[in-house]
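User: Hi! I'd like to go through this structure with you, a bit at a time. Can we begin with how the strands are paired up?

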Amino acid sequence: MAIRTAGKLFKDLVRQRVISTSIGPSRHCSSAAASAPKIPHSSKKGRRLLTGATIGLIIAGGAYVSTVDEATFCGWLFSAAKLVNPFFALLDAEKAHTLAVAAASRGWVPREKRPDPAILGLEVWGRKFSNPVGLSAGFDKNAEAVEGLLGMGFGFVEVGSVTPVPQEGNIKPRIFRLRQEGAIINRCGFNSEGIVAVAKRLGAQHGKRKLETSSSSSPSNDEAKHGGKAGPGILGVNLGKNKTSEDAAADYVQGVHTLSQYADYLVINVSSPNTPGLRMLQGRKQLKDLVKRVQAARDEMQWGEEGPPPLLVKIAPDLSKDDLEDIAAVALALRLDGLIISNTTISRPDPVDKNPVSAEAGGLSGKPLFNLSTNILKEMYVLTRGKIPLIGCGGISSGEDAYKKIRAGATLVQLYTAFAYGGPALIPQIKAELAECLERDGFKSIHEAVGADCR
């Protein structure tokens with residue numbers, strides 16, 4: 001039975017041309033293809049490496065699959081993903097990222113077949129997450145690879161930031177690796193294909209996922225709440241403004257009107273350091289006026305029994321105590337559904353400041369951001385009195401890091417830079433380590449651990 005199961009899985013993998021690949025380390029950048037992303041001509045070297053890795057993994061898999069069960073083979077695929085990481089490291093950061101998006105969009109990535117540890121399951125905003133580990137906005141900026149990314153085992157995936165009108169972003173090069181520090185500096189500047197292209201893509205994916213879900217099972221009313229609108233896995237949509245826009249609120253409203261029907265939650269991004277004037281929207285009056293307009297736009301739309309998608313705001317880590325108090329006051333007064341803490345930082349904490357690359361302008365992400373973003377997270381949890389779900393983002397590279405974010409007040413967590421360096425194998429590793437941390441300290445669920453260090 002195990003042989004037949006594994007054999008069927010292997011045939012499916014070959015038919016879908018699935019390979020394990022690493023995610024190219026670039027933050028907030030993606031390709032500009034109108035449909036499935038095309039691998040650029042300049043990435044021929046990467047394409048040859050990817051093809052070679054594919055053949056090697058398929059041959060090895062063929063020799064291995066007949067002796068193992070499905071779960072074991074699935075684990076082997078994720079472990080084998082590490083073999084591809086050095087190939088991506090040879091490429092320019094943005095080209096590697098474009099190649100990684102192309103691979104994920106075509107299903108050339110490992111697909112998680114094993115159930116998540118039960119202790120990681122939780123309910124937020126009336127939706128059941130199989131685990132609290134998500135992918136932050138910036139990787140799949142144009143919603144090209146949602147299915148492939150959710151299939152890798154993320155509890156949720158956030159696409160964007162999406163701007164109303166297509167824009168190229170800042171000039172290249174705009175992404176810089178700091179390998180020793182496990183960090184990246186980017187100044188991409190909301191490069192986006194625009195809401196029309198993203199809406200078409202999400203609409204097609206939404207219909208396909210709903211069809212597959214309905215044809216594969218007949219859930220009860222309770223089970224139907226598991227996952228997102230279109231099936232397993234939660235989809236967030238991160239909204240941005242155009243660089244030349246004079247009415248930021250109008251840009252976010254346009255995003256809500258066009259994309260909210262496909263989103264399990266929406267994010268107002270007012271914290272990227274690479275769009276001039278954007279962070280000024282975090283001021284008390286500016287944020288209050290903006291959130292009111294966006295909430296009104298969302299609520300005026302027609303919604304079914306589930307109601308409108310939750311609305312979150314993503315904030316910067318470079319905020320004063322007064323700034324945080326203002327944001328918390330607005331969030332509580334307007335009953336905001338959540339906050340994402342945090343975006344990249346314009347500071348250069350030790351040891352990054354000793355690296356010559358640190359002189360590059362842009363936002364810093366990765367390990368050096370962990371302490372700063374976690375301290376801001378903890379402060380915000382206290383200021384909001386634990387009444388608002390918080391998503392912890394910034395510097396997570398292990399299950400222990402994710403656990404520290406949760407103890408500091410995060411209900412959910414997001415990865416990016418560590419995923420860029422570590423590839424798909426990092427996902428099951430973090431989930432397993434997080435489950436071990438919870439059990440070690442006697443917690444029976446994620447919710448029990450949220451804010452434990454603030455009590």
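Analyst: Happy to. Two strands count as paired if DSSP finds at least two bridges between them. Keep in mind that this is a predicted model.

User: Good. In strand 13, which residue is the bridge partner of Gly 392?

Analyst: Gly 392 has Val 413 as its bridge partner in strand 13. Strand 12 (residues 390-393) and strand 13 run parallel and are joined by three bridges.

User: And how do strand 3 and strand 13 pair, parallel or antiparallel?

Analyst: Strand 3 (residues 133-135) pairs with strand 13 in the parallel sense, over three bridges. Within that pairing, Leu 135 stands opposite Leu 415 of strand 13.

User: Which way do the side chains of strand 13 point?

Analyst: In strand 13 (residues 412-415), Leu 412 and Gln 414 point one way, while Val 413 and Leu 415 point the other way. All four are buried. In a regular strand the side chains alternate between the two faces of the sheet.

User: Nice. What about the sheet with the order 5-6-11?

Analyst: That is an open sheet of three strands, with antiparallel pairing. Its edge strands are strand 5 (175-178) and strand 11 (363-366), each pairing on one side only. On average, neighbouring strands here are turned by 20° against each other, direction ignored. Strand 5 and strand 6 (residues 183-186) are paired over four bridges, and Arg 177 has Ile 184 in strand 6 as its bridge partner.

User: Switching to helices: how do helix 11 and helix 12 pack?

Analyst: Helix 11 (321-333) and helix 12 (residues 370-383) pack at an angle of about 45°, with their axes 9 Å apart. The two helices are therefore oblique to each other, and their crossing is right-handed.

User: Which residues make that contact?

Analyst: From helix 11 there are Lys 321, Leu 324, Glu 325, Ile 327, Ala 328 and Leu 332. From helix 12 there are Ile 376, Glu 379, Met 380 and Leu 383.

User: Now charges. How many salt bridges are there?

Analyst: The count comes to 20 salt bridges. One of them joins Arg 298 and Asp 337, whose closest N and O atoms are 3.2 Å apart. This pair links distant parts of the chain, with Arg 298 in helix 10 (residues 284-299) and Asp 337 in the loop between helix 11 and strand 10 (338-341), 39 residues apart.

User: Is Arg 298 buried or exposed?

Analyst: Arg 298 is buried because its relative accessible area is 9%, under the 20% cut-off. Asp 337 counts as partly exposed, at 23%.

User: What about Lys 354 and Asp 350, buried or exposed?

Analyst: Both are exposed. Their side chains meet in a salt bridge, at 2.3 Å from N to O.

User: Which residue does Arg 440 form a salt bridge with?

Analyst: Arg 440 forms one with Glu 400, the closest N and O atoms being 3.3 Å apart. Arg 440 lies in helix 15 (residues 426-440) and Glu 400 in helix 13 (residues 399-407), so the pair ties together parts that are 40 residues apart in sequence. Glu 400 is partly exposed, at 29% relative accessible area. A network of salt bridges links Glu 400, Arg 407, Arg 440, Asp 441 and Asp 453.

User: Last one: where is His 206?

Analyst: His 206 sits in helix 7 (residues 195-216) and is buried, with a relative accessible area of 17%. Leaving aside residues up to four places away in sequence, His 206 touches Lys 229, Ala 230, Gln 261 and Tyr 262.

Notes
Residues numbered from 1 in each chain as written. Predicted model: local features only at pLDDT ≥ 70, side-chain atom pairs only at ≥ 80, totals over all residues. Heavy atoms only, no water. Buried < 20%, exposed > 50% of the residue type's maximum accessible area, 1.4 Å probe, protein only. Contact = heavy atoms within 4.5 Å. Axes fitted to C-alpha atoms, helices over the stretch in contact; angles between N-to-C directions. Salt bridge = Lys/Arg side-chain N within 4 Å of Asp/Glu carboxyl O. Parallel < 35°, antiparallel > 145°, perpendicular 65-115°, else oblique. Left-handed = near helix turned anticlockwise from the far one by under 90°.
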